[in-house]
Amino acid sequence: MNRITLSRFLIGIVLGAIFGWTGTGLAQKIVVGYSAVSALNSPFWVIKDAGFFKQEGLDADLIYIASSSTMAQAMLAREVAISTANSQVVVDSGLEGGSLAAIGAVINVVAFYVMAPPEIKSIEDLKGKPVGVTRFGASTDFGLRKLLVKYGLEPGRDVPILQIGGMPEIAAAISKRMIYAAPMSYPMAYKAQEAGMRILYNLAKEDIPFMHVGITTSRAFLKDRRPQAKAFLRAYGRAVHFMHTRKNETKAILARYTKINDPGMLEGSLQYAYDFVEKIPLVKSQAFQVTLEESGKKNPKAKQAKAEQFYDNSLVQELINEGFFASLWGKTP
């Protein structure tokens, strides 16, 4: 091997170590993304700040990308290895030829509190009154429509649905009685409570399936870097256990990422995470089946697809079989 060839060979090794997972080398560098500053993403923050990346031998950068569609593109381009992408993002990408897969689920249901003013005592009181969502087709819209149907109300006909905008706009609209209910997440749900609103429904208890937050990667990463994907899932398991057993330290991490200093809001945000975050991140098939059914109303390709095309529970199942989660909790939670 001459000097030029050797130099090129060594450069290749260095670049492979830096950009890592696109090849088959031993590099552990990965980029992990999250797409919302919400307590629902707190396991990802805890993984980093509590040192679980390092504990599992992962050299990882954690980045924030606000757009779910941009996150999906970054994963398909191998710029992001693992992210919080939800079932709708995975399905939309897959139906257009993308190869994303959920290897775990942080949240398998629509994760909102439906807030309402005190005069609204039950969902029947919403008949004829406008309710709000962030935008049509968003998870707020999906969850609220499913809730109305579950209790025998026809969305649009019995209960008008208005597209309001972001959570701050929803909080303002409900306080002014422009709307009489809306799905909200923390910390804005806390702000609504401070303004006199109440939790009409906790959707964690309504069994409306949807992978609200996923542990999502590309099929290429899963194939080429399966041990790293499994290491990430172990780190996730440790992070969720940390959240339940080291509450004050978890609140400090939440405060760093959300910039929340109000003790009540921090407490509520952590409880919000407790309500929805899975201790064992198995993807539920129905979460994808419901997503496909909704997509099928506009995209004929969805009617031919199977839920199993979009997720892979094999790594989580391996960890269950190995007793990993039982070792954390004393028994399988």
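Student: Which residues in helix 5 meet helix 13?

Tutor: In this predicted model, S87, Q88, V90, V91, D92 and L95 of helix 5 meet A287, F288, T291, L292 and S295 of helix 13, where contact means heavy atoms within 4.5 Å. Helices here are DSSP runs of H or I with at least four residues, strands are runs of E with at least two, and both are numbered from the N terminus. Residues are numbered from 1 along each chain as its sequence is written, and side-chain values use heavy atoms, leaving out hydrogens and water. Because the model is predicted, local features need pLDDT of at least 70 and side-chain atom pairs count only at pLDDT 80 or more, while totals for chains, interfaces and linings use all residues.

Student: OK, and at what angle do the axes of helix 5 and helix 13 cross?

Tutor: The axis of helix 5, residues 87-95, comes within 10 Å of the axis of helix 13, residues 285-295, and the two cross at roughly 60°. That makes helix 5 oblique to helix 13 (under 35 degrees is roughly parallel, over 145 roughly antiparallel, 65 to 115 roughly perpendicular, and the rest oblique).

Student: What about helix 11 and helix 12, how do their axes cross?

Tutor: Helix 11 covers residues 247-258 and helix 12 covers residues 263-276, and their axes come within 10 Å and cross at roughly 105°. Helix 11 is therefore roughly perpendicular to helix 12. On the side of helix 11 the contact involves K247, T250, K251, L254 and A255, and on the side of helix 12 it involves L266, E267, L270 and Y274.

Student: Switching topic, what order do the strands of the open sheet have?

Tutor: The open sheet has 5 strands in the order 2-1-3-10-4, with mixed pairing (two strands pair if DSSP finds at least two bridges between them). Strand 2, residues 59-64, and strand 4, residues 100-109, are the edge strands, each pairing on one side only.

Student: In what sense do strand 3 and strand 10 pair?

Tutor: Strand 3, residues 82-83, and strand 10, residues 209-218, pair in the antiparallel sense over 2 bridges. I82 has T217 in strand 10 as its bridge partner.

How values were computed
Axes fitted to C-alpha atoms, helices over the stretch in contact; angles between N-to-C directions.
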